[in-house]
Amino acid sequence: MSYNDQVVQLVKVSKEKPVTLAIGDGANDCGMIQEAHVGIGVMGKEGRQAVMTSDYAISRFRFLARVLLVHGHWYYIRSAILVQYFFYKNVCFITPQFIYAFFNAFSGQPLYHGFLLTCYNIFFTSLPILIFGIFEQHIGGDILQGRPSLYQDVAKNSRLSWVQFIYWVASGYWHALVFFFGGYLMFQGDLFGSINVGIWSFGTFVFAVCVIVSNLKLALVTHYWTWLTHVVTWGSILTFFLFAIVFNSSKW
């Protein structure tokens with residue numbers, strides 16, 4: 001083990017338990033790059049050994065600042081919101097089904113139709129978060145590179161704290177309660193007159209509100225809107241209504 005490897009290992013086992021990054025451009029840096037949590041290899045005159053053993057490769061040392069301060073910041077925010085949003089949207093989706101079990105004496109009767117259960121995570125809420133995870137830029141690249149102090153927010157892992165996680169999950173439970181009991185109280189009244197409203201109508205209503213709110217929730221935390229973001233966000237909501245029209249007009 002070389003001296004550089006030992007330095008990285010010493011930092012990794014220190015009291016603060018930091019996330020380490022090593023950068024090198026030669027064969028003698030390979031061990032250090034592999035020892036660190038994140039390794040960056042620089043393409044240079046000393047060969048490509050460092051690049052081959054690294055997690056990321058850059059062609060010049062001067063690109064390191066943008067890799068860390070800009071792309072590192074962006075990908076951290078994207079990953080943090082992506083993970084917590086998945087918890088949020090599935091809490092919104094499943095909690096009404098759990099509440100409904102108390103109304104059907106735990107008979108196993110689902111609130112949503114089987115097709116809706118299948119399509120929620122595949123067609124109606126998957127593409128917006130995928131595009132968000134690829135293109136989101138909550139702060140411009142020039143601003144991030146010009147103000148390195150903004151990186152402290154990422155370095156402290158503030159967007160993946162327990163407070164943030166509880167906020168997303170609690171929001172999911174709160175919205176699910178509103179979906180279910182708001183629809184329940186509305187269907188109990190005279191809003192629909194003498195129309196006979198069955199379980200599938202009620203379940204489809206709750207599901208529709210869940211799809212709309214889940215997509216709008218992500219839209220509210222999106223700062224960088226491209227034409228593709230608009231297409232998948234509003235298209236996912238529109239796709240559900242088109243699906244519902246076709247599905248409910250068919251005789252199975």
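The chain holds eleven helices and three strands, where helices are DSSP runs of H or I with at least four residues and strands are runs of E with at least two, numbered from the N terminus. This is a predicted model, in which local features need pLDDT of at least 70 and side-chain atom pairs count only at pLDDT 80 or more, while totals for chains, interfaces and linings use all residues. Residues are numbered from 1 along each chain as its sequence is written, and side-chain values use heavy atoms, leaving out hydrogens and water.

Read from the N terminus, the elements follow the order α-β-α-β-α-β-α-α-α-α-α-α-α-α.

As to overall dimensions, the C-alpha trace spans about 80 × 40 × 35 Å along its principal axes. The radius of gyration of the chain is 25 Å, whereas a compact globule of 252 residues would have one near 18 Å; the radius is taken over C-alpha atoms, and the globule rule is 2.2 Å times the number of residues to the power 0.38.

Of the 252 residues, 37% are buried, that is, under 20% relative accessible area with a 1.4 Å probe, counting protein chains only. Among contacts (heavy atoms within 4.5 Å) between residues at least 6 apart in sequence, 64% join residues at least 24 apart.

The unreviewed UniProt entry annotates residues 83-103, 115-135, 165-187, 199-218 and 224-247 as "transmembrane region", and such annotations may be inferred rather than shown by experiment. In the model, residues 115-135 are 95% helix and 0% strand, with end C-alpha atoms 30 Å apart, while residues 165-187 are 100% helix and 0% strand, with end C-alpha atoms 33 Å apart.

Methods
Buried means under 20% relative accessible area, exposed over 50%, partly exposed in between (1.4 Å probe, protein chains only).
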